[in-house]
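Look at the model below and keep its sequence at hand. The paragraphs that follow go through its surface, its loops, its strands and its cores.

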Amino acid sequence: MTTQEFLGKQNFTIHTQIVSDSCPSNIALIKYWGKYENQIPANPSISYTLNHCKTNTSMEFLADEPFSVQTFLAGNEEVKFAEKIEKYFKNIEEYLPWILKGKYIIRTENTFPHSSGIASSASGFGAIAKCLMKLDGIFSNELSEEESLRKASFLARLGSGSACRSLYNGLVVWGTSDEVEGSSDLFAVQYPDAEIHDIFKNFNDWVLLIHEGQKSVSSTVGHGLMNTNPYAERRFQEARENFVPMKEILKNGDMERFIKLVEHEALTLHAMMMMSDPAFILMKTGTMEVINKVWDFRREAGLPLFFTLDAGANVHLLFPNNGSEDQIKTFIETELLQHTQKNGVVKDVMTF
Ligand code: PMV
């Protein structure tokens, strides 16, 4: 599907309507960091969609009122968020020609703490895009369920790049890769189930809340810094190349190589930030303590506990449900929780 195929139809009938939907967050294994104009990623990425960390959104559309957006996050009015959504809606009008023909009241809540650093922009824009496609289904289009989901992913991407991966369950790829059939820079696709070893279909992601504040660098600024980073091109190439081993690993269930690749990706993202101008160190002392303890534990216990990081200090602890999870959970509770700010941990799973 090309951008052309997402253009909206001009014949539509609008009326006042309320729709609601929810969308989970996701955590990248091969990271997206760096983009071109119109939210085109500089390299392909692959992520796990979480099961529990979600945004629930209701969207009230008041037809024929002047275009405006009002947003409420967990019951509190959020003017800044409304401004962002207004800009976003104007930006996607060519794909949904009815979108500016009414007033919106959007109520949204996350099932995870706001300050947790779990990507609420991914689940948030995912849920908004799903609501928009519900309205679009009512007002105008005759898309199939599959096409509608694809268009939701396309629209979510224009709100927040990584959000486009949240529309699908399991392992999800965004960005053109020779290794993944049907992959695209414009929307995400589900990684084929038949190509995934069972060990990767039942995984835990426990997020340690090392630092519950505002991130020191927004993802917009972070992506922008890649434009002048002298290592950027090499990094984009590496991410593209990492799809070759990732494909083999996912197929044959090689946990050791999986761990090595996923941790390398996380550390590379942070290294890129350290080598930017201006430089950012996104890890805190607690992040380092946890990483070192995870490495010691793996060496000593030989169990598959490992980490990934977003563009922040919190640590996503990954481990499969393969019989060793109880021992790993005890280790996390007794040894790692002490490095969080307030014993903060969000326990999620990825099962599919
Ligand atoms: O979707 P954005 O623009 O918030 O970027 C998110 C980038 C990372 O979360 C750091 C990596 C990724 O691929 O999700």
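A patch is made of residues with over 30% relative accessible area and no salt bridge, where like charges are joined within 9 Å and nonpolar side chains (Val, Leu, Ile, Met, Phe, Trp, Tyr) within 5 Å. A salt bridge here is a side-chain nitrogen of Lys or Arg within 4 Å of a carboxyl oxygen of Asp or Glu. Areas are calculated by the Shrake-Rupley method with a 1.4 Å probe, and for residues only the protein chains shown count as cover. This is a predicted model, in which local features need pLDDT of at least 70 and side-chain atom pairs count only at pLDDT 80 or more, while totals for chains, interfaces and linings use all residues. Residues are numbered from 1 along each chain as its sequence is written, and side-chain values use heavy atoms, with hydrogens and water left out.

Y231, M274, M275 and I281 make a nonpolar surface patch of about 410 Å². One of them, M275, sits in the loop between α7 (255-274) and α8 (285-301). Helices (H or I, at least four residues) and strands (E, at least two) are DSSP runs, numbered from the N terminus. M275 has a relative accessible area of 35%, so it is partly exposed; buried means under 20%, exposed over 50%, and partly exposed in between (1.4 Å probe, protein chains only). The loop between α7 and α8 also holds P278, which is joined to D277 by a cis peptide bond with omega about 5°.

Now turn to the strands, which pair if DSSP finds at least two bridges between them. Strand β5 (residues 68-73) pairs with β7 (residues 102-110) in the parallel sense over 6 bridges, and V69 has Y104 as its bridge partner in β7. With β6 (residues 76-77), β5 pairs in the antiparallel sense over 2 bridges. The hairpin of β5 and β6 has 2 residues between the strands, and A74 there takes a positive phi near 50°. A74 counts as exposed because its relative accessibility is 55%.

Which residues have the most contacts inside the largest nonpolar core? They are I46, M59, F89, I92, Y104, L132 and F258, in a core of 77 residues. Such a core is a set of buried Ala, Val, Leu, Ile, Met, Phe, Trp, Tyr and Cys residues joined through side-chain atoms within 4.5 Å. Helix α3 (residues 120-139) gives the most to this core, with 9 residues. Another core, of 22 residues, lies apart from it and includes F307 and L317.
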